[in-house]
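Please read the following briefing alongside the sequence and the structure.

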Amino acid sequence: MQVQSYFSSLDNLDGELATLNLGPTHPATHGIFQNVLKMDGERIVSAEPTIGYIHRAFEKLAEHRPYNQITPITDRLNYCSSPINNMGWHLTVEKLIGCDIPKRAQYMRVIIMELSRIADHLVCNSVIGVDTGALTGFTYMFQERERIYEMFEEVCGSRLTTNIGRIGGMERDFTPNFHKKLKTFLQTFPARFEEFGGLLSRNRIFMDRCIGAGPISAERAMAYGFTGPNLRAAGVDYDVRVMTPYSSYQDFEFDIPIGNHGDTYDRFIVRQEEIRQSLRIIHQAYDNMPQGDYHADVPAFYLPEKPDVYTKMEALIYHFKVVMQETPIPVGEVYSCVEGGNGELGFYLISDGGRTPYRLHFRRPCFIFYQAYPEMIKGSMLSDAILTMSSMNVIAGELDA
Amino acid sequence: MDSEQTIAYLTEKMPGAVVTSETAVDGILSLHTARENVIALLQMLRDDEQLGFHFLTTLCAVHYPEQAGQELSIVYHLHNWQQNIRIRVKIFFPIDDPHVPSATELWSSANWMERQEYDFFGVLFTGHPDLRRILNVDDMEVFPMRKEYRLEDGTRTDKDDRFFGRDGHVGQEFD
């Protein structure tokens, strides 16, 4: 808290301000963003972020892509948890076309989404460790993330940019290998994860580095549009999964962890606890997995079985229609959101009946909360600013769209 | 408060502010207002205890080249966390005069959101502290999300929207 008053009097300034270009390609920033910092010695007087280095015009692209081809675009938003983005988009379209998907598909989606939340938080938290000088935990946690990616590979064939699931459900059922891998993961992961937590969460050096670094109050966090773990670290228990349950989240029992000070340490602890809660959800979803189909009966959007295409007229017609995007889309507008790795990931879709969205706006949590960064690091040391950035989990893909 | 109560309450408190309203497929109430009234309406929605829409979820611009005199639109999404109600506020204005009062005084988060919509649609937010491009390069001369800018090579004929549910108005005049 002392840092806040550091610049309250000009006497503290020694009169020699230096300009430091942090980024765009700086090894400490884990992504391509630039901050032009005014430095007084090692203290930050002001910061000016420049973003857009990997802007790929997703909103424009989406206006020229049929609905099923937009899913791969969403992969590349927060690429640390692509499946959540994919599901968020499917849910948006399902809301527009009024499609209810079977309980089994919803539970499958929940398992996939919570696995990717774990992967997302693991990256963030182990990188906080790296930035405080603790590399070991990171190397172990990346092995765990690798095992999650292997599970994604079983479900959809790809690892990072997953394009997982389809409008109307999942693309295929879980494979026997997936079940095996998930069971092994659920058995072995908690112990390894707790070992990682044990290395850091009560570690004196780690605590000294993190406590009080980059704090934000609950009021400021809400004014800056914070959502997700960063908001919860500041003490507000807003979580889309509880507020507006989607994909059957109301069936599961889990807690929303919150912090007090909104600093780096609280963000770390909140994410650690969210991983434990995600595991709880996965256990409940997996143990109570309902029988049924893994996709809804929406032939106009969901590709038929390939053998049927060759033998059944109906299937052939629908296959053609889906591939050629001749499906009539209802006119209307929907806003749909999911709890992404970084908070409320929203999709505002306006359809005029054409085969592509008339307008699709992404509410990207990173883009919205990153503007608070200059305020959060003002008056702090440069090394704390690096730590603050990694604990906010700013993902360049989501930031720049 | 449900949609009807909200509208009745607003009509009583700010007569004439809400021009029309509708409820979309997702159950969210949309209020249409004039851009002169938008900041007052947003402030009312935020600060009034009965309404309590304290959180600006997002804002975005939309371009409707067909609507003469109302080509551009800004859609604000607000959220009341206590009662878990969402609401939309929409304004329409001519593309020749794309001035809209800035909401940065109400929410710090509006800063970059508005810069983004300026960057892509050329909406000029009056009162914005730092209205510069944000995602595109600084020396870009166009506002690329406007409908007249086509994404792909105009000579492609296999993606003609006229055959796919749209009348072919979008981008047609620029062929």
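How many residues does the contact take from chain A and from chain B? The contact takes 40 residues from chain A and 30 residues from chain B, where two residues are in contact if their C-beta atoms, placed from the backbone, lie within 7 Å. This is a predicted model, in which local features need pLDDT of at least 70, side-chain atom pairs count only at pLDDT 80 or more, and totals for chains, interfaces and linings use all residues. Residues are numbered from 1 along each chain as its sequence is written, while chains are lettered from A and ligands numbered from 1 in the order in which they are written.

**The side of chain A that touches chain B**
- Among the elements that give two or more residues to this side are α3 (82-97), β4 (332-340) and β5 (343-351) of chain A; helices (H or I, at least four residues) and strands (E, at least two) are DSSP runs, numbered from the N terminus.
- The most is given by β4(A), with 5 residues.

**Confidence**
- The model has an ipTM of 0.90 and a pTM of 0.92.
- In chain B, the pLDDT is below 50 over residues 168-175, a stretch with 12 contacts in the model beyond near neighbours in sequence.

**Domains of chain B**
- The domain assignment, which is automatic or from a database, gives domain 1 (3-142) and domain 2 (145-175).
- Domain 1 and domain 2 of chain B each give 6 residues to their contact.

How values were computed: pLDDT = per-residue confidence, 0-100.
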